[in-house]
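Hi,

Here is the structure I promised to pass on. Below it you will find my notes on what turned up.

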Amino acid sequence: MRRVVASVMVMALELCLGTARADNRPVPKGPDEDGTKPALVKIAGEGMMDSHAFQYLTELSDDIGARVTGSPSERKAEEWGVGKMKAMGLENVHKEKYQLWRGWTRGTAQGELLLPVRRPLHVDAMGWTGSTPAGGAEGEVVAANLFDIEEEAKHTSRLSGKIVLVVMKGAPKKDVDSLFAIYGDFLKAASKAGAVAVIGGQGGSKAVGMNLTHTGILGFDADFAMPVLSLTAEDQGQLERYVENGKKVRVRFNVQNTFTSGPVESANVVGEIRGRENPEQVLVVGAHLDSWDLSEGTTDNGTGSASVLASAEAIVRSGMKPRRTIRFVLFTGEEQGLDGSFAYMKQHQSEMANHLGNLVLDNGQGPVREFQLGGRDDLVASFQPFAQSLSSIRNIGVTDKVESGTDTLPFSMAGLPGINMDQDSPEYKFTHHSAADALEAVNRDVLAQNATLMALAAYWIADRPERFASPWPVEKTVKMLRAQHQDEMLKAFGLWSREFAEAEKKEEAPK
Ligand SMILES: [Zn+2]
């Protein structure tokens, strides 16, 4: 679900690997000193020399294909995941069912520019959005400025009977993550005011790439009866220029989608390597199995799913048993608002104190470049010697960044390290939720290497003598979420719990 607008912002690469510490705390031990190295060497060999990662990705992409949560093909992917986990010898393989608020099926979408020139438009519907009347509807195109979207939402009467074109003018008045939520409020208001359709992608974004549209959800569990549409950058640019120059623009859309009344069933797929000493303590290694439906869902997130399976397989085949349990989870519902990972937190509430965190790969097709420890700045120093031990495979940074656009977020919100394996994927902005999200975008060697790095990180976390992490108390988590500027976005989406609000009040109260 990762917002591309946010993900293009460049982060400082932290490669501080020195051993000298300013304070007198002991220098954290890496694999060379903590006894994990012999096992890691075996796992690296299995992962790199005989990887099935690309085979898994091919099956998922070509044999199953697009996997919209709750759809028959997504359910088929669950069975496929169960079969793979069982075949490689994972323990306790099962599905964990949960319910999605409602289902959605893409139908057809056609567009035509009627004025000032006549030609077809390239268009696709955003996920969980509705239809025009049968046979289509036309209207005059009017612009609404995303960068002033709160004001726009207050003046929607002018949008009645119109087709709204989202444009970006001036500088944003809010940070991009909260714009995503406010855009949803604007869509609700525009729909209520009787707009025919809105042209604007996730968070109001414009398509990227040559002749590509990008679908996606427009909020956490958000649906709209009005059609919300992604046009290609070329088509949208033309409309923008006409409107900017004061030309009268008319377009016609015929968009037909189907909502299924909810709730709709889906399930996370789970399998384990049980710990040899503390099996009750659990590290989750995950990625989302569901995808969008304009192509095969290869880079979002077939790559992550194949990595989870191949990382599990590398550990199983090494014959090594970690001290603590590694639980491999193929989440579904990620694209609708992290539904699978939020469901996991609910279903495993009683064992949350025994969790060590989760490790997720969901940033496309590129090589892993950074372990982002999901808000846990206290763990950066202990993780660095491990990252350094990988340097002959790849130089990978370590930061405490929270990634809110994937299944790491529910873990970070529980005060656990929701570890995002951030990737260097310059082409992901093209393949993300588009018709280009197919097997052609992935290199076999990069995939195998990423899966191996996932296996190594998982095993090291689960096996090191000292427990890697325990959940933070809610006060500390709230402080961290505020420091990482996640609070505005979480509040805008209604994800800021009463518990969080109370902790925040305490923190703000004069001492
Ligand atoms: Zn994804």
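A word on terms before the metal site: donors are N, O and S atoms within 2.8 Å of the metal (3.2 Å for Na, K and Ca), and water is not among the atoms, so sites may look incomplete. This is a predicted model, where local features need pLDDT of at least 70 and side-chain atom pairs count only at pLDDT 80 or more, while totals for chains, interfaces and linings use all residues. Residues are numbered from 1 along each chain as its sequence is written, and side-chain values use heavy atoms, with hydrogens and water left out.

The donor residues of the zinc ion follow the spacing H-x11-D-x61-D in sequence. Histidine 288 in strand 11 (residues 278-288) and aspartate 300 in helix 9 (residues 298-318) are 12 residues apart, a pair that links distant parts of the chain; helices (H or I, at least four residues) and strands (E, at least two) are DSSP runs, numbered from the N terminus. The protein donors are His288 (NE2), Asp300 (OD), Asp362 (OD) and Asp362 (OD), at 1.9 to 2.6 Å from the zinc ion.

On confidence, pLDDT (the predictor's confidence in each residue, from 0 to 100) averages 94 for the protein, and 95% of the residues score at least 70. Strand 12 (residues 324-331) has the highest mean, 99, and helix 1 (residues 4-7) the lowest, 42. Where pLDDT is low, the predicted coordinates should not be read in detail.

Threonine 105 sits in strand 2 (residues 103-115) and is partly exposed because its relative accessibility is 43%.

Best wishes

Methods:
Buried means under 20% relative accessible area, exposed over 50%, partly exposed in between (1.4 Å probe, protein chains only).
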